[in-house]
Amino acid sequence: MPPTYVDLTHTLDDNVQIYPGDPAFSCCPALTISKDGLNVQSISMGSHTGTHVDAPYHFFENGAHVDSIPLSAFVGNVVVVDVTSKLRKSLITWEDLAASSNLIRRKAALEHGVFVLLHTGWSRHWQSDAYFDHPFLSRDAAQRLIDLGVKLIGIDTLSPDETRVDGTTPDFGVHETVLGAGALLAENLTNLAALGSGDWLVTLAPLKLKGCDGSPVRAFASRTKADSECA
């Protein structure tokens with residue numbers, strides 16, 4: 001029987017991939033059973049560590065903070081677009097997504113709306129230098145998805161925009177387009193291949209961090225009721 005739930009989240013550990021310039025991740029014992037009678041960990045990380053969501057405040061001073069966004073925004077029907085043919089540092093254009101436009105439009109009209117998740121297959125490079133050389137989305141394609149009513153765009157890479165490690169600033173056109181429209185982004189997803197068939201509902205629940213621009217999430221997919229009954 002197909003799985004009812006699929007974990008779309010990378011594990012946070014000492015080797016977690018960090019966007020260039022972001023704070024490092026650490027999770028260290030603060031109290032231990034042997035010394036204190038119980039275990040407590042001290043955690044330090046940036047707001048965009050591991051699998052996470054971006055709120056509009058990430059790029060816009062007057063944008064919504066992650067704690068002020070309704071929980072309903074973090075739950076959506078999903079359309080996974082397979083762009084695994086894309087090579088390193090290549091551009092994902094509207095032509096790569098257009099065949100899914102009718103399905104996206106249909107799911108946008110359903111309860112919970114629609115998330116579009118871009119399956120590049122790049123999560124296989126997680127914890128390696130190759131992960132920085134991921135494909136990335138064009139600004140035009142992002143705008144067309146927003147125009148279709150997409151409320152969140154997710155991707156299994158470090159960013160939907162190009163990532164540079166040479167110190168230069170990339171074009172953040174996708175961030176500006178999506179967050180500027182009041183929609184959301186999800187980055188560093190994994191296991192998207194598992195959502196290749198059937199209907200799924202994806203949940204990306206963030207921590208309720210007051211005044212914050214994003215948050216790590218435990219991202220997971222669950223089969224919709226209709227799809228579960230068919231299975």
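**View 1. Packing of helix 4 against helix 5.** In this predicted model, the axes of helix 4 (residues 139-147) and helix 5 (residues 173-180) come within 8 Å and cross at roughly 15 degrees, where axes are lines fitted to C-alpha atoms, for helices over the stretch in contact, and angles run from 0 to 180 degrees between N-to-C directions. Helix 4 is therefore roughly parallel to helix 5, a term for angles under 35 degrees. The crossing of helix 4 and helix 5 is right-handed, that is, the near helix is turned clockwise from the far one by less than a right angle. On the side of helix 4, Arg-139, Ala-142, Gln-143 and Ile-146 meet Gly-173, Val-174, Glu-176, Thr-177 and Val-178 of helix 5, contact meaning heavy atoms within 4.5 Å. Sorted by class, the contact of helix 4 with helix 5 comprises 4 nonpolar, 3 polar and 2 charged residues. Helices (H or I, at least four residues) and strands (E, at least two) are DSSP runs, numbered from the N terminus.

**View 2. The buried side of helix 3.** Ser-101, Ile-104 and Lys-107 are the buried residues of helix 3, buried meaning under 20% relative accessible area, exposed over 50% and partly exposed in between (1.4 Å probe, protein chains only). These residues cover an arc of only 130 degrees around the axis, so they are on the same side of helix 3; the arc is that of the directions from the helix axis to the C-beta atoms. The elements that cover the buried residues of helix 3 include strand 5 (75-82), helix 2 (94-97), strand 7 and helix 4.

View 3. Val-81 has its place in strand 5 and is buried, with a relative accessible area of 4%. Although Val-81 and Ser-100 are 19 residues apart in sequence, they are 7.3 Å apart in space, C-alpha to C-alpha. With neighbours within four places in sequence left aside, Val-81 is in contact with Asp-96, Leu-97, Ser-100, Val-116, Leu-117, Leu-118 and His-119.

View 4. The loop between strand 4 (52-54) and strand 5 holds Ile-69, which is buried at a relative accessible area of 13%. Apart from neighbours within four places in sequence, Ile-69 is in contact with Ala-55, Pro-56, Ala-64, Phe-74 and Leu-184. Ile-69 and Ala-205 are 136 residues apart in sequence and 11 Å apart in space, C-alpha to C-alpha.

**View 5. Two loop residues with positive phi.** Most residues other than glycine have a negative phi. His-112, which is not a glycine, has a positive phi of about 85 degrees; His-112 lies in the loop between helix 3 (101-108) and strand 7 (114-119) and counts as partly exposed at 35% relative accessibility. Asn-188 has a positive phi near 60 degrees and lies in the loop between strand 10 (184-187) and strand 11 (200-206), where Asn-188 counts as buried at 1% relative accessibility.

**View 6. Ser-222 in strand 12.** Ser-222 has its place in strand 12 (residues 214-223) and counts as buried at 13% relative accessibility. Not counting residues up to four places away in sequence, Ser-222 touches Thr-4, Tyr-5, Asp-199, Trp-200 and Leu-201.

**Note on the views.** Residues are numbered from 1 along each chain as its sequence is written, and side-chain values use heavy atoms, with hydrogens and water left out. Because the model is predicted, local features need pLDDT of at least 70 and side-chain atom pairs count only at pLDDT 80 or more, while totals for chains, interfaces and linings use all residues.

Methods
Parallel < 35°, antiparallel > 145°, perpendicular 65-115°, else oblique. Nonpolar A, V, L, I, M, F, W, Y, C, P; charged D, E, K, R; others polar.
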